[in-house]
Amino acid sequence: MELRVLRYFLAVAQQRNITKAAQELLVSQPTLSRQLADLESELVVKLFIRGHR
């Protein structure tokens, strides 16, 4: 686990939106989603409820 990924998690939690958090962090949305999925996999816990919108 890297500190960068924890910052990503915090940004998404604060924004409550992956796209907005990606814009704030200056990373692409797919990159951010992949990092969060990897973090969830590493921790073996679902951190976010994902919907279509």
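Leu-26 is found in the loop between α2 and α3 of this predicted model. Helices here are DSSP runs of H or I with at least four residues, and strands are runs of E with at least two, numbered from the N terminus. The phi angle of Leu-26 is near 60°, a positive value in a residue other than glycine. Leu-26 is exposed, with a relative accessible area of 76%. Exposed means over 50% relative accessible area, buried means under 20%, and partly exposed lies in between (1.4 Å probe, protein chains only). Residue numbers start from 1 along each chain as its sequence is written. Because the model is predicted, local features need pLDDT of at least 70 and side-chain atom pairs count only at pLDDT 80 or more, while totals for chains, interfaces and linings use all residues; side-chain values use heavy atoms, with hydrogens and water left out.

Arg-16 occupies the loop between α1 (3-15) and α2. Its phi is near 60°, again a positive value in a residue other than glycine. Arg-16 is exposed, at a relative accessible area of 78%. Its C-alpha atom is separated by 21 Å from that of Glu-2, which lies 14 residues apart from Arg-16 along the chain.

The chain as a whole has 3 helices and 0 strands. From the N terminus on, its elements run α-α-α. The radius of gyration is 10 Å, close to the 10 Å that the globule rule gives for 53 residues, so the chain is as compact as a globular protein of that length. This radius is taken over C-alpha atoms, and the globule rule is 2.2 Å times the number of residues to the power 0.38. Along its principal axes, the C-alpha trace spans about 25 × 25 × 20 Å. Buried residues make up 26% of the 53 residues. Of the contacts between residues at least 6 apart in sequence, 37% join residues at least 24 apart. Contact means heavy atoms within 4.5 Å.

Helix α2 (residues 18-25) packs against helix α3 (residues 29-43) at an angle of about 110°. The axes of α2 and α3 are 9 Å apart. Axes are lines fitted to C-alpha atoms, for helices over the stretch in contact, and angles run from 0 to 180 degrees between N-to-C directions. The two helices are therefore roughly perpendicular to each other. Angles of 65 to 115 degrees count as roughly perpendicular, under 35 as roughly parallel, over 145 as roughly antiparallel and the rest as oblique. On the α2 side, the contact involves Ile-18, Thr-19, Ala-21, Ala-22 and Leu-25. On the α3 side, Gln-29, Leu-32, Ser-33 and Leu-36 take part. These residues divide into 6 nonpolar, 3 polar and no charged. Ala, Val, Leu, Ile, Met, Phe, Trp, Tyr, Cys and Pro count as nonpolar, Asp, Glu, Lys and Arg as charged, and the others, Gly among them, as polar.

Helices α1 and α3 also pack at an angle of about 110°, with their axes 10 Å apart. That makes α1 roughly perpendicular to α3. From α1, the contact is made by Arg-4, Val-5, Tyr-8, Phe-9 and Val-12. From α3, Leu-32, Gln-35, Leu-36 and Leu-39 contribute. By class, this contact has 7 nonpolar, 1 polar and 1 charged residues.

Three further residues of α3 were examined. Pro-30 has its place in helix α3. At 53% relative accessibility, Pro-30 counts as exposed.

A polar contact of 2.7 Å joins its side chain to that of Gln-29. A polar contact is a pair of N or O atoms within 3.5 Å; within protein, one must be able to donate a hydrogen and the other to accept it, and residues adjacent in sequence count only if both atoms are side-chain atoms. Leaving aside neighbours within four places in sequence, Ser-33 is in contact with Ile-18 and Arg-50.

Glu-40 lies in helix α3. At 10% relative accessibility, Glu-40 counts as buried. A polar atom of its side chain lies 3.3 Å from the backbone nitrogen of Phe-48. Beyond neighbours within four places in sequence, Glu-40 is in contact with Val-45, Lys-46, Leu-47, Phe-48 and Arg-50.
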